[in-house]
Amino acid sequence: MGALNLIFNFVGLLLWISWRSVKVEAAASATVSLLSTLKKAEGSQGRGWPGLLFLAGLLLVRAVFYRHIGGALSWTPKLELIAIALPFRSDHFGRIFTFSLLSFLIWLGGFYAWMLFLSVLHGKHSDEPFHRAIKQQLGVLERLPGVIKLMLVPMGAALFWVVFSRVFVRFGIMPDPGNGAHLWQQAGVVAIGSCFFFAYLWLAVLIFYLVNSYVYFGNHPFWSYVSASGRRLLWPLKWLPLQVGRVDLRPLAGIGILIALIRGSSPWIIRLYERLPL
């Protein structure tokens with residue numbers, strides 16, 4: 001069921017990208033990436049609304065599906081927020097629909113966190129085809145300064161917690177924070193956890209960069225973008241003597257550092273949340 005939920009979220013994300021694509025300028029014809037293939041349809045922008053309606057229908061239908069199947073399979077879906085995992089009863093439609101909605105919103109937030117990070121990494125003047133598609137997806141967010149773009153992710157996570165924590169309390173999923181100070185401390189820890197989106201993207205890019213360094217996949221714009229991103233992300237290790245003959249060990253070192261950072265930080269964030277209020 002967990003894998004099925006991931007597939008549903010991925011399909012929902014594609015529907016969102018499709019809807020967004022009709023509201024922005026179409027990508028250049030040379031772009032053949034996933035984002036650019038979902039091009040703006042010719043004619044009225046009203047054609048984009050079916051994608052949004054299909055997305056709403058998907059979230060509703062999967063909630064109904066989880067409601068009927070989850071109980072039979074003794075499945076308890078959880079929202080994983082690094083600092084805390086929130087369980088939702090699948091035998092209660094209101095709760096399972098809330099899970100369906102929020103599970104997708106977290107995926108959507110992660111998608112935009114990745115887009116914002118890549119936007120800052122490559123800068124506003126980058127002309128790579130894949131990056132042009134990313135800028136089109138970001139829309140007005142692309143115009144913001146780099147620091148603000150990165151800060152939007154933890155700020156959005158904190159706002160997410162403040163808005164929906166009352167729902168979690170009402171459903172009996174978590175205890176009432178009791179006061180505003182405790183609530184905002186929780187929001188701050190959740191915001192720290194949201195920075196893992198950046199770490200996961202960094203790790204994924206370095207893994208793809210490492211594979212592409214030894215396996216030739218052609219001149220596809222995606223792999224060109226991966227190579228450019230990998231070189232930028234490895235800049236902090238530029239001065240380390242990690243070149244052995246023709247073998248560059250920096251990608252492996254970067255991957256190892258990121259894995260250690262993720263594994264080491266997760267328990268710390270969980271313990272910090274459990275100690276609240278400070």
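This is a predicted model: local features need pLDDT of at least 70, side-chain atom pairs count only at pLDDT 80 or more; totals for chains, interfaces and linings use all residues.
1. A word on terms before we start: a contact means heavy atoms within 4.5 Å. With that in hand, look at Leu 242, which sits in the loop between H9 and strand E3 (243-244). Leaving out residues up to four places away in sequence, Leu 242 touches Val 247, Asp 248, Leu 249, Arg 250 and Ala 253.

2. Residues are numbered from 1 along each chain as its sequence is written, and side-chain values use heavy atoms, with hydrogens and water left out.

3. Now the overall layout. The protein chain has 10 helices and 4 strands; helices (H or I, at least four residues) and strands (E, at least two) are DSSP runs, numbered from the N terminus. Read from that end, the order is α-α-α-β-β-α-α-α-α-α-α-β-β-α. The radius of gyration is 21 Å, close to the 19 Å that the globule rule gives for 278 residues, so the chain is as compact as a globular protein of that length. This radius is taken over C-alpha atoms, and the rule is 2.2 Å times the number of residues to the power 0.38. Along its principal axes, the C-alpha trace spans about 55 × 50 × 40 Å.

4. How is the chain packed? Of the contacts with a separation of 6 or more, 69% are between residues 24 or more positions apart. Buried residues make up 44% of the 278, where buried means under 20% relative accessible area, exposed over 50%, and partly exposed in between (1.4 Å probe, protein chains only). The chain exposes about 14900 Å², and carbon and sulfur atoms supply 68% of that area. Areas come from the Shrake-Rupley method with a 1.4 Å probe; for residues, only the protein chains shown count as cover.

5. Helix H9 is worth a visit. This helix has 13 residues and reaches 18 Å from its first C-alpha to its last, close to the 18 Å expected at 1.5 Å a residue; the expected span is 1.5 Å times one less than the number of residues. Its buried residues include Pro 221, Trp 223, Tyr 225 and Leu 233. Among the elements covering the buried residues of H9 are helix H4 (93-122), helix H5 (129-138) and helix H8 (196-214).

6. Within H9 (residues 221-233) you will find Ser 229. Ser 229 is buried, with a relative accessible area of 1%. Setting aside neighbours within four places in sequence, Ser 229 is in contact with Leu 118, Leu 121, His 122 and Val 205.

7. Pro 50 belongs to helix H3 (residues 49-69) and is partly exposed, with a relative accessible area of 36%. The C-alpha atoms of Pro 50 and Ile 173 are separated by 34 Å.

8. Two backbone details deserve a check. Most residues other than glycine have a negative phi, and most peptide bonds are trans. Ile 82, in the loop between strand E1 (78-80) and strand E2 (85-87), has a positive phi near 65°. Ile 82 is partly exposed, at 24% relative accessible area. A cis peptide bond, with omega about 0°, joins Leu 276 and Pro 277; Pro 277 is in the segment after helix H10 (250-275).
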